[in-house]
Amino acid sequence: MAFPRPRPARAELPRQRVQTLQCGQGAVRAARFNADGNYCLTCGSDKTLKLWNPHKGTALRTYQGHGYEVLDAAGSFDNSQICSGGADKAVALWDVSTGQVVRKYRGHAGKVNCVQFNGEATVIVSGSIDSTVRCWDCRSRRPDPIQVLDEAKDGISSLKLSAHEILTGSVDGRVRRYDLRTGQLFSDYIGSPITSVCFTKDGQCVLAASLDSTLRLLDKDTGELLGEYTGHRSTTYRLDCVLNEQDTHVGCASEDGHVYFWDLVEGSLALSLPVGQGVVQSLAFHPRLPCLLVATQGQVTLWREDGFQPEGDPG
């Protein structure tokens, strides 16, 4: 049974709202940190994608090119490119500095819920409501995907990549993990539609959120259920789950306007963060700091630990 590593010094959780971004994009469908956590992307129902410095509260650039609302986005490891997916069934590859669409990949038969780059940003992996995961080569001009994973029986709601794996969550209630080195597929049946999946930082476990208002921590290799976390409300919407930067706490968005965090090992509720009135649309946790992005309705808020002093404030 592989719980993540022993915990370091007591983890701080983000409890203090330090920035509010009025995005001006209609409803914000997703908020995502870039690879180093210095910038973030917001996906709007008004078909736009925006790049921000959320720590300073400044908008840097708007990207226009999708034909319908943008549902997910990700930055490349070197911050030079962005990939995005939308309800127009398209996957777009953007040049960050020029703001232009470099390539548009069409092949999905339904809206694209989730997109990720591989580590070298040579491949974009996209998951769609059409039940497929498609892999697109960023370097070639070929219009068709280099691989299609069509094992899911219902829409793909979430996907994550590690160095050699693709992790997917599907509305059919299964978490699937494709090992690209061995060509094997591992599948764990949760039973309720999956809304979000992620790896723990140490790569030993998988966290899955589902529409039965439960988060589950699974041992990646055995599929053993290591923990269940409840108290939030998730029955209708595609809500994100996250792990904090130290792997000590799991978090989830909720339909009651809160974000909930639980102690990973003990399973006890550690924090209920009142964010706003409506459904919490999206969550992203900073890769190295106790710092959280939360999207509700048309705005994104940035949260930090209690002792945090924003730059320029008297300490």
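**Figure 1. Antiparallel pairing of strand 24 with strand 25 in the predicted model.** Strand 24, spanning residues 258–263, is joined to strand 25 through five bridges, and the two run in the antiparallel sense. Within this pairing, W262 is positioned opposite L269 of strand 25.

**Figure 2. The open sheet formed by strands 22-23-24-25.** Four strands make up this sheet, arranged in the order 22-23-24-25 with antiparallel pairing. Strand 22 (241–243) and strand 25 (269–274) are the edge strands, each of which pairs on one side only. On average, and with direction ignored, neighbouring strands of the sheet are turned by 20 degrees against each other. In general, the strands of a sheet pair through backbone hydrogen bonds, in either a parallel or an antiparallel manner.

**Figure 3. The loop residue N79 and its positive phi.** N79 lies in the loop that connects strand 6 (70–75) with strand 7 (81–86). Although N79 is not a glycine, its phi is positive, at about 65 degrees. The relative accessible area of N79 is 28%, so the residue is classed as partly exposed, a category that lies between the cut-offs of 20% and 50%.

**Figure 4. The loop residue A121 and its positive phi.** A121 belongs to the loop between strand 10 (112–117) and strand 11 (123–128). Its phi is near 60 degrees, a positive value in a residue other than glycine. A121 is classed as buried because its relative accessible area is 9%, and buried denotes a value under 20%.

Definitions and conventions. Residues are numbered from 1 along each chain as its sequence is written. This is a predicted model: local features need pLDDT of at least 70, side-chain atom pairs count only at pLDDT 80 or more; totals for chains, interfaces and linings use all residues. Side-chain values use heavy atoms; hydrogens and water are left out. Buried means under 20% relative accessible area, exposed over 50%, partly exposed in between (1.4 Å probe, protein chains only). Two strands pair if DSSP finds at least two bridges between them. Axes are lines fitted to C-alpha atoms, for helices over the stretch in contact, and angles run from 0 to 180 degrees between N-to-C directions.
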